[in-house]
Amino acid sequence: MIPYGRQDITEQDIAAVHEVLASDFLTQGPAVPRFEAALAQHVGACHAIAVSSATAALHVACRALGLGPGDCLWTSPVTFVASANCALYCGASVDFVDIDSQTWNLSVPALADKLVQARRAGRLPKIVVPVDLCGRPCDLSAIWELSREFGFAVLEDASHAVGATYRGEPVGSGRYADITVFSFHPVKIITTAEGGAALTNDKALAEKMALLRSHGITRDSGQMTNSPEGPWYYQQIELGYNYRMTDLQAALGRSQLARLDEYVARRQELAQRYNRLLAHLPVETPYPVDRGSRSALHLYVVRLMKQAGRDRRSVFDALRAGGIGVNVHYIPVHTQPYYQALGFRPGDYPNAEAYYRSVITLPLFPTMTAAEQDRVVQVLTEALGR
Ligand SMILES: *Cc1c(COP(=O)(O)O)cnc(C)c1O
């Protein structure tokens, strides 16, 4: 089976992890701040907070932005459930903005309309979470402008977009987001096994997230309510969690980061090859990004056109039967039973649902060979009866 995604681990990565294993610290040692500094420098952000997953990063980001009961967070229905769940963890509510049928990202005109209505009803969101689906940056400057007008914070879920650029600047630079979140799960662009990070240019937000990552405990006397009682002293000043990244993970992450641009370039190359090889088939390939921007191409998704005359299920099954590890990203979050119990219904976000019914994720990973890619195209062509 050719998988839809696969990590690439080199001898250098293994050596970096071995070095930590033989050192004094497996966690809370020097590898974590080293990885954070490298990550912040790579994307041009002031602060990077490494945590145990992107889900943890979204949670501490929402807490740092002050999300709580009575507040609302908006996101796209076409995402992994974690982009919405982070609001529920904080006791806040969730609402969705339908996607744009071309880019498959949250629709900015739909967002603007919903904001105008929400202002009238006195129910503006505290946070909007744009999701850079498949690694393609959202229209971040337009969302940023709306955030200044309507007073919400922008928490960018860039789990797919590590290594992407928007208008010439790396995603994560913080130009158009208060906080940007990355995921380092093995199917994503670079990996730490499990892991994630939150990037920001705001020192207070960075300090708050670092505090929440580790139980809300501080050893900084400047943050304490009284002077330290001795060298052992610490204070818990918030209700935090154990969301720490280990030094093993951070060493792997720093070693992987050195190959990030190479990985994205290879993904671009393979995607362009897919675009050419699929041009004669009745499938819609990913919409081109604007000049000056670059998708990290975490996922290569195709949409079956009506003229294919085949339903998604039959094409999907034929691909799997032919040894192609295709997948579907994503089941719209509002149709999940948990969200239906909150009052959402199928039919609420028609573009998201139409997208879901017609998409298939084809294999794409940096070590994929041309022969493997040819095989995917061959099985897809047969599945479409061409
Ligand atoms: C993978 C993913 C997450 C969660 O990442 P973890 O590191 O597994 O917690 C969140 N949002 C999106 C869009 C993702 O794809």
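Which strands does helix α10 lie across, and at about what angle does α10 run to β14? Helix α10, residues 312-321, lies across β13 and β14, and runs at about 20° to β14. The views below come from a predicted model, so please read each one with that in mind.

**View 1. A three-stranded sheet with helix α10 lying across two of its strands**. At its edges are β12 (283-284) and β14 (359-362), each of which pairs on one side only. Strand β13 covers residues 300-304 and is joined to β14 by 4 bridges.

**View 2. An open sheet of 7 strands with mixed pairing**. Follow the strands across in the order β1-β9-β8-β5-β4-β2-β3. The edges belong to β1 and β3 (93-96); each has a single partner strand, so one side of each is left without a neighbour in the sheet. From one strand to the next, the twist averages 20°. Within the sheet, β5 (residues 153-157) and β8 (residues 179-183) pair in the parallel sense over 3 bridges. Here Glu-156 finds its bridge partner in Thr-180 of β8.

**View 3. The largest pocket and its lining**. This pocket holds about 660 Å³ of space. Which elements give two or more residues to its lining? They are α2 (31-43), β1 (47-51), α7 (203-213) and β10 (217-218). Of the 24 lining residues, Gln-28, Ala-210, Arg-213, Ser-214 and Ile-217 lie nearest the centre. By class, the lining has 11 nonpolar, 7 polar and 6 charged residues.

**View 4. Ser-214, one of the residues nearest the centre of the largest pocket**. Look for Ser-214 in the loop between α7 and β10. Is Ser-214 buried or exposed? Its relative accessibility is 17%, and because the cut-off for buried is under 20%, Ser-214 counts as buried. Beyond its neighbours within four places in sequence, Ser-214 is in contact with Tyr-241 and Arg-244.

**View 5. The largest cavity**. The model has 2 cavities of 30 Å³ or more, and the largest contains about 90 Å³ of space. Its lining is made up of 13 residues, with Leu-140, Pro-170, Ser-173, Arg-175 and Tyr-176 nearest the centre. This lining divides into 6 nonpolar, 4 polar and 3 charged residues.

**View 6. The second largest cavity**. Here the volume is about 50 Å³. The lining draws on separate parts of the numbering that you can pick out by name: Arg-6, Gln-7 and Asp-8 are among them, as are Pro-186, Lys-188, Ile-189, Ile-190 and Thr-191. Also in the lining are Gln-256, Tyr-263, Arg-267 and Pro-366. Sorted by class, these residues are 5 nonpolar, 3 polar and 4 charged.

Terms used:
Residues numbered from 1 in each chain as written. Predicted model: local features only at pLDDT ≥ 70, side-chain atom pairs only at ≥ 80, totals over all residues. Heavy atoms only, no water. 1 Å grid on protein atoms, 1.4 Å probe; cavity = no way out; pocket = protein on both sides within 12 Å on 5 of 7 lines; lining within 4 Å. Points joined across faces, edges and corners; volume = space filled by probe spheres on them. Nonpolar A, V, L, I, M, F, W, Y, C, P; charged D, E, K, R; others polar. Buried < 20%, exposed > 50% of the residue type's maximum accessible area, 1.4 Å probe, protein only. Contact = heavy atoms within 4.5 Å. Pairing = 2+ DSSP bridges. Axes fitted to C-alpha atoms, helices over the stretch in contact; angles between N-to-C directions.
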